[in-house]
Amino acid sequence: MPPQRTATRRHAPRTRHRNRRRALLSTGAAALLAFTTACGSGGPADASGAGAWALTGGDEQTLRTSFENWNESNQDAQLNAQFFANDAYKQKIQTAIGAGDAPTLIFGWGGGNLRNWVQAGKVADLSSAVEETPQELQDRFLPSVRDTGVVDGKTYAVPNNGMQPVLLYYNKDLFDQVGAQPPKTWQDLMDLVPKFKDAGVAPLAIGGQSKWPQLMWLEYLVDRIGGPEVFEAIANNEPDAWSHPAVLKANRMIQDLVEAGAFVEGFNSIASDSGADSALLYTDKAAMYLMGSWAFPTIKDAAPDFISSGKLGYTSFPTVEGGRGNPENIVGNPANFWSVSADAGDQERQAALKYLRDGLLNDRYVDDLLAGGSVPPITGIEGKLSRTDNPEYLSYVYDSAKNAPNFQLSWDQALTPGQADEMLNNLQQVFSGRMTPEQFSTKMNRTIER
C-alpha cells in the first residue's frame, strides 16, 4: 500500500510542545548528524548532492517544497529529489538497493521491506541519534508511528509525512439523492448496493488493476471478524495461519460484494496511480471509495470545489456482526519514512543527515502538510488542526490514529516482498472469482517460512 498508528491521548500547553519540537530538531537530529557509518558508493546522486527518491501524489508537493526550500538555504548540503508512481517505485527501489545503487534517502513504509533491507545491511542504523534523546523522541512522535521504523530494537527509519489510516470516503450528494446514510455495519453496506445500482451509480470505486487497493478490504474484514491476532499469527509465520476462519470468511464476504455488483464495472482495468479511481467519487460516478487518507490531498488538488462545498464524506469501516475486532481498529500506513542508505558516501550521507536534523518535520513542514490535507504523526498539534481549512477532517484522522486500539500496517508492507507479491496476485484472483477462499488460503500457507 502506498503512501500509513495508536497512542494514548496526551494534553499539554501548545507552547510547551512547540518549544519541545524545536529542541528536538536541534538536539535529537544533531545526534543524527554526528552519526557515522561505513562509506560506499554514493548511489544515484551526482557530485552536487545526495539523491532522494519519493512518490508522486499524496504529500508530493510538501516534499518538493521542503527540498526546494532546503536547497535554497543549504548550498553545501544539496538534495536531488526524484518522484515516481507507487507501483513503479516499489520495483525500482528494490532493484537499486540490491545493486548497491540506492539513493541516499530511501523512501519506505517500514515492515517487511525495511526488515529485509536491515538484514542485508543496506540501510544505516540511526539508533545513536534516538538513544541520545529518547524522551524527546517519545514525546514528539506518536509511539506506534515511531516504532514502525524500528527493527530488533534499533531505529532504521524516521517518519517523513502524514499518517495514512484507511477511511471509507463517500459522496454526500449521491447519498442524499437515494436517501441513504453511510454504512455502519456490513449489512448496511450490502443493502446500499442495489440502491445505488438502481440509481445508475456504482456503489464502490476501486483501482483493481493496481491490486493493493483490494487488500484494504481483506485487511479490514479480517480485523473486524477475528481481531488483530489473526494477522499477528500470519506475520509470525505460524503454520496454516492463512486458514484461520476469519480469513476464509473475509474472502467469502468479498466475493459476495463483488457478485452483488458493488464495484464499478471494469474495476480490474482501473489503475489507482492514475487517479482514475478517486475521480469516480468526485465526478458522481461512484458513491463510496475505500482508500488511505492520502486520497484527501489528491482529491483536494484535482477537485478542490468538491471538498470546499462539503460534498466529501468520510467514516470508519463497517462493523461485522459477531466479529471480535474492536470497531475502532484501523489499517493503513502509520506514515512513510526516510532511511539512509548504508552505501552512501560521506558527503551525501552528511547532506541527508543535515536535512533530517533541520529540514524534516520542522514547523514550516508541518504547516505545509496540514495545508495539503495530511496529518503529521506528532503530538501536541491539536491547536494547529483547529486553525486549518479542513479542521473537522484533519482532526478526525488525527484522533482515529491516536485513539485506535490497533493500527495495522498494510499487509503488503508488513510481510516480506515475496509473500506480499503472492498475496496481492492471489487476492486479485479472489476478486475476479477465479480463486476460491479455500484455494487462496492454501496457496498463502505455502509462503509461510518454516
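The model is a predicted one, so local features need pLDDT of at least 70 and side-chain atom pairs count only at pLDDT 80 or more, while totals for chains, interfaces and linings use all residues. Residues are numbered from 1 along each chain as its sequence is written, and side-chain values use heavy atoms, with hydrogens and water left out.

To start with the big picture, the protein has 22 helices and 13 strands (DSSP runs numbered from the N terminus, with helices being H or I of at least four residues and strands E of at least two). Of its 450 residues, 58% are buried, where buried means under 20% relative accessible area, exposed over 50% and partly exposed in between, with a 1.4 Å probe and protein chains only.

Toward the end of the numbering sit helix α21 (residues 417–432) and helix α22 (residues 437–445), whose axes come within 10 Å and cross at roughly 170°. The axes are lines fitted to C-alpha atoms over the stretch in contact, and angles run from 0 to 180 degrees between N-to-C directions. On the α21 side, the contact (heavy atoms within 4.5 Å) involves Gln419, Glu422, Met423, Asn426, Leu427 and Val430, and on the α22 side Phe440, Lys443 and Met444.

Aromatic rings turn up in 28 pairs across the whole structure. Rings of Phe, Tyr and Trp (its six-membered ring) pair if their centres lie within 6.5 Å; planes under 30 degrees apart count as stacked, over 60 as edge-to-face and the rest as tilted. Trp217 and Phe317 are edge-to-face, because their ring centres are 5.6 Å apart and their planes stand at 70°. Trp217 belongs to helix α10 (residues 212–226) and Phe317 to the loop between β10 (312–315) and β11 (330–333), so the pair ties together parts 100 residues apart in sequence. Both Trp217 and Phe317 are buried. Elsewhere, one aromatic cluster takes in Trp53, Phe67, Trp70, Phe84, Tyr89, Phe107, Trp109, Trp338 and Tyr355.

Finally, there is Val201, in the loop between α9 (186–198) and β8 (202–205). Val201 is buried, at 10% relative accessible area. Lys285 is 84 residues away from Val201 in sequence, yet their C-alpha atoms are 5.6 Å apart. Leaving aside residues up to four places away in sequence, Val201 touches Leu174, Phe196, Asp284, Lys285, Ala286 and Ala287.
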